[in-house]
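Please read these notes with the model open beside you.

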Amino acid sequence: MVWLDKNTNESFATVKAVQEKLEAVLGHETVKVGIADNQGIVVIFTDPSSAGKFSEPAYKAIQTGRPVVVDRTNEFLFVASQQGVYVPFFHEKEAVGVILLVGDPELLAKYAGMAALTAQSVYDLESYKASYWGKLDQRNIFTKVLLYYSEDPYPAEAYNIADKYGYDTDMVRIPLLFILRYSYYREDRQISEFERNPYHDKQDIICITRGQNAVVFKAVSTNPAEAVGRYREVVEQYVEGMQALNINGGRPFICNVGTLQNKLINYQKGYHHSLWVSNNSADVIGDDETRIYYFYDSVLPYLQSQVPMEEFSMIFNVFKDVLKGGERQRFLDNMGMLYQRNMNVSASAKALFQHRNTLIAWINRMKELFCIDPVNDEIGREFFQQLLYYYKNTED
């Protein structure tokens, strides 16, 4: 059970939720909202001077388990009380607090049920969050916040833990996801192994994922311009240091690099980018040599993957019937190779085992067919790149 006091998230969140609900239904009607604990002590109230005082109607509501209405006919029965409605709310069938609705009692009585339901829902959720976090040690809390929570229930908690460990929260870091298919170390031993890296810095943050891979939020620089300019050098140096250690059962490993981030709350997105690389760009099966894959080398495919294929179909559906069968496959082969070779016709022809003039003739045919130059025109190159993606991901 989480008991209410002025410092708990349960108290603040409950009062805020009830206040917002009442404002939504009552408009500009003046209503003071507060909360009292199960002893009738006012924890939070719109009027700060009332906080910490005993509320007799609130205590009666706790004792009876029913709302208490205070109006001009009975206010003399309660010591120093204000007119309004005092509504108890429950957690696991036990009264844990009272919502204080001070104002026109006749009007507010209509909304007593709504206030109680809102208070109970919010309290239950906040109590669950507190219970969940209470079962985790600080390192686990930090890991779960950084890797798995897009909307962290306690954003401040991550910053408090970062402060405790001396992590600079203004530091630009980049997530390195190490795929460790052959590792047999326990989590604590795995972390110790990473800390042995001669290029490991005290500002680096190590997390072990649910799949027992490792993520290192590698510190690069507090200066964004410097971080952008040298992050690859920093990553390659760190990976080089890891190769001398036994982090993957003595075998080569894959390192997928996410995106630079300078806010703790954005680290999860950076980690997701490294996961996307792992799932879409990296060869995570091959284990003949250590490899590094960078998200920033696959930005366009990533952005394309965020657009539903239905949208591409609406743009290119007529084009689907322009190239058929062998002609479509030739487009995929030739255009794909041209992009791989940065539109170098000679290098592309060689890689395709074609004569250069054969490829040039094909390019000219594409210019005539689509009325745009796929090689020498910037807009044409962009258009054909999207068309190539569409053809690759649809059936003939």
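**Notes on the sheet and a helix pair**

1. Five bridges join strand β1 (residues 32-36) to strand β5 (residues 94-102), and the two run antiparallel. Ala 36 stands opposite Val 98 in β5. Strands are DSSP E runs of at least two residues, helices are H or I runs of at least four, and both are numbered from the N terminus. Two strands count as paired if DSSP finds at least two bridges between them.

2. On provenance: this is a predicted model, in which local features need pLDDT of at least 70 and side-chain atom pairs count only at pLDDT 80 or more, while totals for chains, interfaces and linings use all residues. Residues are numbered from 1 along each chain as its sequence is written, and side-chain values use heavy atoms, with hydrogens and water left out.

3. The whole sheet is open and has five strands, in the order β2-β1-β5-β4-β3, with antiparallel pairing. β2 (42-45) and β3 (68-70) stand at the edges with a single partner strand each, so one side of each has no neighbour in the sheet. From one strand to the next, the twist averages 20°.

4. Helix α2 (residues 56-64) packs on this sheet. It touches β1, β3, β4 (84-91) and β5; contact means heavy atoms within 4.5 Å. The direction of α2 makes about 145° with that of β5. Axes are lines fitted to C-alpha atoms, for helices over the stretch in contact, and angles run from 0 to 180 degrees between N-to-C directions.

5. β4 pairs with β5 in the antiparallel sense over eight bridges. Phe 89 has Gly 97 of β5 as its bridge partner. The β4-β5 hairpin has two residues between the strands, and there Glu 92 takes a positive phi near 55°.

6. Three bridges join β4 to β3, again antiparallel. Val 68 stands opposite Tyr 86 in β4. Seven of the eight β4 residues are buried, so the strand is largely enclosed by the rest of the structure. Buried means under 20% relative accessible area (1.4 Å probe, protein chains only).

7. Now the helix pair. α12 (residues 325-340) and α14 (residues 356-370) pack at about 110°, with axes 12 Å apart. That makes α12 roughly perpendicular to α14 (65 to 115 degrees). Among the contact residues are Phe 331 and Met 335 of α12 and Trp 362 and Ile 363 of α14. By class, the contact has seven nonpolar, one polar and three charged residues.

Methods:
Angles under 35 degrees count as roughly parallel, over 145 as roughly antiparallel, 65 to 115 as roughly perpendicular and the rest as oblique. Ala, Val, Leu, Ile, Met, Phe, Trp, Tyr, Cys and Pro count as nonpolar, Asp, Glu, Lys and Arg as charged, and the others, Gly among them, as polar. Buried means under 20% relative accessible area, exposed over 50%, partly exposed in between (1.4 Å probe, protein chains only).
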